[in-house]
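These are my notebook entries on a single protein chain. I record what I looked up, entry by entry.

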Amino acid sequence: MFNRLLKIGGVVAIPVHPIDLTPFREGGPDDKAEVARQIDDACRDTGFLLLSGHGIPAETADAVLDTCQAFFDLPLEEKRRYKVADPAANRGFTEMGEEALAYSRGEPAEESPPDLFEAFTMGRSPTSDPYYDVHRRDFAPNVWPERPAGLREAARAYERAARGTADIVLRAMALALDLEESWFIDRTRRSIVTTRALDYRRAPGQPDPAPGQMRLGAHTDFGIMTLLLADDVPGLQVCRDGEWFDVSIPPGTLVCNIGDMLERWTNDRWRSTLHRVVPPPREVSGPVRRRSLARFLDGEPDRVVECIPSCCGPDNPPRYPPVVGGEWLLAKVLSGRERKPAALPG
């Protein structure tokens, strides 16, 4: 069954039946073609997929969520020791109210309230390749907290597993676009990869959000593809034809959504869909917590993103000028932290 938004009692499941990646990993050409077809259908429709058979062990996913939670449970003053002064570094601790992600859309708008989350950001930071030295701004060092014990190990174990999942999806995406199976893999080997643990909490006695204030402001993701590991706690919403829909995430599945760079690469064949995380309703009493871990595959910093040949033609010319991936990403990242509309290249 195709992966489409379906509204049932005000709740949207994306999709009703998750896309199972097992046939792509273990099957033959026909199995791969079927998975690619389902992914193409989902990306044309919403840009959001719900993945089963992704290959990430449950214990690996639980360990990284639990250790990140233990970090967020530390006293605020201790967490502040892991702030990174340079906002372009995209590393370390972010405390509640420091960012407003809605500004990343680059659209002039009235002032957006700060978002209601804490975050801890880590990412690829190689040291043995001259390429990464040239682009060190995009591969800043990680800052690992002393507590809890095991956070670094849990994060690295999750990254190894998630990279395998991402590569499967990229291969299926390439086949869906009539490209060689390794097309995206070959163009993302030295990508900026950033993983952000997000903690959404409402402590007892905390004041109500300001009008229009979100846990995570409305935005599209910046790069190529996001893999989201999250608790099935209400809050995530996607926008479709101007209407917001709730999203349910069944246990054991991952959300996968495409970002702005892939939308540009595919000439709008695939959608980078607006989404947000809303606060819990006022009538819900007591603490309400949502944990998530977003792995952003944001492309190589010097990669020029321009229309894929199979996505344009005489009757469908390229809709976007080429952009350099690292410049696009930096403008998006800084906008939310500086709380001003992104000055987007291209």
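**Entry 1: glutamine 213**

I looked up glutamine 213 and found that it counts as buried, because its relative accessibility is 13% (buried means under 20% relative accessible area, exposed over 50%, partly exposed in between, with a 1.4 Å probe and protein chains only). Glutamine 213 sits in the loop between strand 7 (193–200) and strand 8 (216–219); helices (H or I, at least four residues) and strands (E, at least two) are DSSP runs, numbered from the N terminus. Leaving out residues up to four places away in sequence, I list Pro113, Pro114, Leu116 and Pro279 as touching glutamine 213, where contact means heavy atoms within 4.5 Å. I also looked up the C-alpha separation of glutamine 213 and glycine 55, which is 36 Å for residues 158 apart along the chain.

**Entry 2: basis of the values**

I note that this is a predicted model, in which local features need pLDDT of at least 70 and side-chain atom pairs count only at pLDDT 80 or more, while totals for chains, interfaces and linings use all residues. Residues are numbered from 1 along each chain as its sequence is written, and side-chain values use heavy atoms, with hydrogens and water left out.

**Entry 3: the chain as a whole**

I find 9 helices and 16 strands in the protein chain. The C-alpha trace spans about 60 × 55 × 45 Å along its principal axes. Of the 346 residues, 53% count as buried. Among contacts between residues at least 6 apart in sequence, 77% join residues at least 24 apart.

**Entry 4: the core**

I looked up the largest nonpolar core, which has 88 residues; Leu51, Met173, Phe184, Met225 and Leu293 touch the most other members. Such a core is a set of buried Ala, Val, Leu, Ile, Met, Phe, Trp, Tyr and Cys residues joined through side-chain atoms within 4.5 Å. Helix 6 (residues 151–176) supplies the largest share of this core, 13 residues. Beyond its neighbours within four places in sequence, methionine 225 has contacts that include Ala166, Val169, Leu170 and Met173.

**Entry 5: helix 2 against helix 6**

At what angle do the axes of helix 2 and helix 6 cross? I read roughly 85°, and the axes of helix 2 (residues 29–45) and helix 6 come within 8 Å; axes are lines fitted to C-alpha atoms, for helices over the stretch in contact, and angles run from 0 to 180 degrees between N-to-C directions. The two helices are therefore roughly perpendicular (65 to 115 degrees). Lys32, Val35, Ala36, Ile39, Asp40 and Cys43 in helix 2 meet Ala172, Met173, Leu175 and Ala176 in helix 6.

**Entry 6: backbone**

Most residues other than glycine have a negative phi, and most peptide bonds are trans. I noted a cis peptide bond from arginine 147 to proline 148, with omega near 0°; proline 148 is in the loop between helix 5 (130–134) and helix 6. Aspartate 241 has a positive phi, near 55°, and counts as exposed at 71% relative accessibility. Asparagine 267 has a positive phi of about 60°, but it is buried, with a relative accessible area of 3%.

Notes. Angles under 35 degrees count as roughly parallel, over 145 as roughly antiparallel, 65 to 115 as roughly perpendicular and the rest as oblique.
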